[in-house]
Amino acid sequence: NKLRRPVIAGNWKMFKTRDEALQFIYAINQEVPEASAVESIICANDVLLRCLVKRQGENLKIGAQNMHFEENGAFTGETSPLVLETTGVTYVIIGHSERRAMFNETDETVNLKLKSAIKHDLTPIVCVGESLEVRENGTTDDVVKQQVVKAYDGVGADEALKSIIAYEPIWAIGTGKTATPEQAEETIKAIRNVLVSLYGNDVASKVRILYGGSVNPKNVDVLLQQENIDGALVGGASLDPMSFLTLVKAAV
Ligand code: PEP
């Protein structure tokens with residue numbers, strides 16, 4: 001499994017004040033393992049990014065949760081990738097299911113944002129995943145494959161290598177219902193096969209694919225043991241510093 005460096009990314013969503021965010025960083029900064037062993041990332045609210053970037057170390061990086069695909073323009077209330085880049089942010093979540101469901105994110109905007117993020121030296125964490133209805137009618141692999149194909153439309157191999165994919169079944173996000181390790185592995189393997197068809201074996205074997213959906217310190221080990229699961233995107237269990245640290249250490 002460990003040809004690929006593991007990634008643990010916390011998604012704080014719209015939680016944490018500035019003081020809470022700083023307390024979190026101070027609590028774990030010294031203890032996060034070296035980046036050569038695991039890439040540890042906290043994706044925070046835009047307003048917090050600057051103060052967190054100032055305190056980030058080599059071992060703990062800061063990401064945004066969304067961005068616009070344009071560098072600038074009349075887009076009131078949006079965040080420019082150039083501003084993220086020049087603020088020292090190095091990762092950005094793209095196409096999170098909450099943004100797809102509530103903020104009109106589509107496969108097309110995900111594609112534009114993926115290209116724009118790479119252009120701005122931001123590592124995109126591209127989220128895909130099926131609804132409960134899709135899971136129950138048995139078309140998960142087709143739906144998720146389509147999301148990946150559309151996200152990577154016109155994206156070259158070099159750019160794809162700079163991206164991370166997160167497979168997050170919508171029915172598992174924030175619900176306490178985790179996909180079984182076998183379900184997660186099966187769909188993630190299908191995603192890797194899409195990458196094989198788009199870019200060939202070599203590239204496909206290097207792109208990190210994470211699982212997300214109610215990952216916690218108790219279930220993380222069995223998920224990470226799966227051959228194709230290279231880490232986790234974590235919401236709820238990333239809010240507590242000791243819980244996040246446990247997840248990071250589990251990935252080493
Ligand atoms: C997420 O927000 O990407 C997520 C996976 O949330 P949770 O871990 O809370 O299910």
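I count a residue as buried if 20 or more other C-beta atoms lie within 10 Å of its own, and as exposed if 12 or fewer do. The model I am working from is predicted.

**Entry 1: the annotated positions**

I looked up the UniProt record first. Its "active site" annotation, from an unreviewed entry, covers H96 and E168. I then checked how they sit relative to each other. They span 73 residues in sequence, but no two of their C-alpha atoms are more than 8.5 Å apart, so they gather at one spot.

**Entry 2: H96**

I placed H96 in the loop between β4 and α4 (97-102). Is H96 buried or exposed? I found 27 other C-beta atoms within 10 Å of H96, so I noted H96 as buried. I also listed its contacts, leaving aside neighbours within four places in sequence, and got Q65 and C127.

**Entry 3: E168**

I found E168 in the loop between β6 and α9 (181-199). E168 has 29 C-beta neighbours inside 10 Å and therefore counts as buried. Which residues does E168 touch, not counting those up to four places away in sequence? I wrote down S97, C127, G129, I173, G212, G213 and L233.

I followed the strands next. They form a closed barrel of eight, in the order β1-β2-β3-β4-β5-β6-β7-β8, with parallel pairing. Neighbouring strands of this sheet are turned by 25 degrees against each other on average, with direction ignored.

I took one pair for a closer look. Strand β4 (residues 91-94) and strand β5 (residues 123-128) run parallel and are joined by four bridges. I looked up V92 and found that its bridge partner in β5 is P124.

**Entry 4: helices against the strands**

I checked two helices. Helix α7 (residues 140-151) lies across β5 and β6 (164-167), and I noted an angle of about 150 degrees to β5. Helix α12 (residues 241-250) lies across β1 (7-11), β2 and β8 (231-234). For α12 I noted about 160 degrees to β1.

**Entry 5: Q30**

I ended with a loop position away from the annotation. Q30 is in the loop between α1 (18-28) and β2 (39-43). How many other C-beta atoms lie within 10 Å of Q30? I found 8, so Q30 is exposed. I also looked up Q30 against V53: the two are 23 residues apart in sequence and 15 Å apart in space, C-alpha to C-alpha.

Technical notes
Residues are numbered from 1 along each chain as its sequence is written. This is a predicted model: local features need pLDDT of at least 70, side-chain atom pairs count only at pLDDT 80 or more; totals for chains, interfaces and linings use all residues. Two strands pair if DSSP finds at least two bridges between them. Axes are lines fitted to C-alpha atoms, for helices over the stretch in contact, and angles run from 0 to 180 degrees between N-to-C directions. Two residues are in contact if their C-beta atoms, placed from the backbone, lie within 7 Å. UniProt positions are given in the numbering used here, feature names are shortened, and annotations may be inferred rather than shown by experiment.
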